[in-house]
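Here are my notes on the model, as numbered points. Please read them with the structure open.

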Amino acid sequence: MAPRSPGLPAPLQARRTADRAVRSVRRTKIRLSSLNASVGFPYRRPTVPRGVVVPPEKPALGADYDTEWARRRPARVARSIITNGPLRLAVQVLASPEIRGVDRLADLRALDTSKKGDSPPAVIFTPNHHSHLDTPLAITAIPEPWRGHLVVGAAADYFFTSHLTSAASALVLNAFPVARNVAGRQSADLARELIDDGWSLVIFPEGGRSPDGWGQPFKGGAAFLSIRTGAPVVPVFIEGAGSILGKGMKRPKPGKTTVTFGSPLWPDPDESTRHYNDRIEQAVTVLGDETLTDWWSARQRASRRASPSLTGPEHAGWRRAWALSEHRNRGQAGLRRRQKRRWPDLG
């Protein structure tokens with residue numbers, strides 16, 4: 001304890017001590033400021049001349065995240081190991097997928113063998129979207145030669161919000177950001193460049209996961225890219241993933257799924273994006289009917305334009321939920337819930 005000066009009351013002595021401490025801190029701060037001023041670039045940021053406006057730094061996340069590094073050889077090798085190892089094992093444990101219709105891609109394989117070089121023809125795969133499980137299902141179900149040269153369009157406002165999730169999405173899924181809520185050409189231009197470079201795309205035309213288990217109207221992004229680049233569209237229907245890990249579910253419920261590939265589609269001469277998008281949606285609708293019933297019945301209903309709609313009945317509330325339960329009972333989810341009946345032993 002500092003000795004008090006004789007003749008000064010205790011409050012004044014405490015105030016004098018506090019003033020000395022403040023002056024000491026101020027002198028230390030001045031010394032540090034002068035030391036910092038003496039240290040120049042590159043140890044501190046350069047000064048900006050007066051009258052010069054520094055442009056803002058370009059955002060590094062969201063739709064502006066650069067995924068080019070994920071398409072280079074080291075990342076491709078690492079992704080191949082992940083896809084054929086942990087990712088495929090997780091999909092098999094959770095979804096037990098049955099893959100159908102791969103033979104319908106034979107014409108595209110023939111185009112591949114007729115070309116010179118090892119790169120496959122660029123294709124746009126358009127699955128329906130009910131679950132986060134849809135992307136791993138599509139990646140592992142798509143056959144070679146497209147699986148090793150595949151990129152996935154992912155929502156920029158969901159998968160590219162932080163550096164960790166952005167890097168994981170780009171490395172594991174080879175995803176590139178797609179802006180869903182902003183009308184811009186950045187994502188479309190990047191997709192066109194990827195197709196021109198020989199990369200095949202997985203695009204979910206619904207734009208997001210189903211909020212209630214039924215499908216949503218298709219957006220025209222895949223049709224637009226197909227018209228502009230000439231790449232064929234392969235419709236894909238995924239059944240059963242919504243009941244395993246649908247929107248709002250906290251944890252997955254293992255079950256069985258079916259992934260059905262359709263015949264490739266090409267745009268007709270002078271066909272509009274809206275009309276071509278309707279054809280793509282109808283093709284996925286027929287695949288859904290085929291998956292839940294059989295090929296012949298589905299084609300008969302398609303010829304009569306009586307295929308069950310992917311978006312469900314035009315009702316609201318409990319009637320859509322009731323219809324959805326009946327719809328799922330026809331597929332793999334219903335098979336999972338059905339009990340095997342046994343005849344009583346009367347002997």
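1. Terms first. A residue is called buried under 20% relative accessible area, exposed over 50%, and partly exposed in between (1.4 Å probe, protein chains only). This is a predicted model: local features need pLDDT of at least 70, side-chain atom pairs count only at pLDDT 80 or more, and totals for chains, interfaces and linings use all residues. Residues are numbered from 1 along each chain as its sequence is written, and side-chain values use heavy atoms, with hydrogens and water left out.

2. Arg-104 is buried, at 18% relative accessible area. Arg-104 forms a salt bridge with Glu-290, and their closest N and O atoms are 2.9 Å apart. Arg-104 sits in the loop between strand E1 (97–100) and helix H3 (106–114), Glu-290 in helix H10 (residues 273–292), so the pair ties together parts that are 186 residues apart in sequence. The rule: a side-chain nitrogen of Lys or Arg within 4 Å of a carboxyl oxygen of Asp or Glu. Helices (H or I, at least four residues) and strands (E, at least two) are DSSP runs, numbered from the N terminus.

3. The third member. Glu-290 also forms a salt bridge with Arg-299, with closest N and O atoms 3.2 Å apart. Glu-290 is buried, at 11%. Arg-299 is partly exposed, at 25%.

4. Another pair. Arg-279 and Glu-271 meet through their side chains in a salt bridge, 3.0 Å from N to O. Arg-279 is partly exposed at 24%, whereas Glu-271 is buried at 11%. The count of salt bridges comes to 7.

5. Strand E3. How many of the residues of E3 are buried? The count is 6 of the 6, so E3 is largely enclosed by the rest of the structure. In a regular strand the side chains alternate between the two faces of the sheet. Both faces of E3 are covered: Leu-150, Val-152 and Ala-154 are buried on one side, Val-151, Gly-153 and Ala-155 on the other.

6. Neighbours of E3. E3 pairs with E5 in the parallel sense over 3 bridges, and Val-151 stands opposite Leu-201 in E5. E3 also pairs with E4 in the parallel sense, over 4 bridges. There, Val-152 has Ala-175 as its bridge partner. Pairing requires that DSSP finds at least two bridges between the strands.

7. Helix H7. Ser-187, Ala-191, Leu-194 and Ile-195 are buried in H7 (residues 186–196). Seen down the helix axis, the buried residues fall within an arc of 95°, so they line one face of H7. That arc is taken from the directions from the helix axis to the C-beta atoms. Their cover includes strands E2 (124–127), E3 (150–155), E4 (175–178) and E5 (200–202), plus helix H8 (221–229). After H7 comes Gly-198, with a positive phi near 95°.

8. Thr-83. This residue of helix H2 is buried, at 6% relative accessible area. Neighbours within four places in sequence aside, Thr-83 is in contact (heavy atoms within 4.5 Å) with Arg-88, Ile-139, Thr-140, Arg-147 and Val-172.

9. Whole chain. The protein chain has 13 helices and 7 strands. Buried residues make up 38% of its 347 residues. Of the contacts with a separation of 6 or more, 71% join residues 24 or more positions apart.
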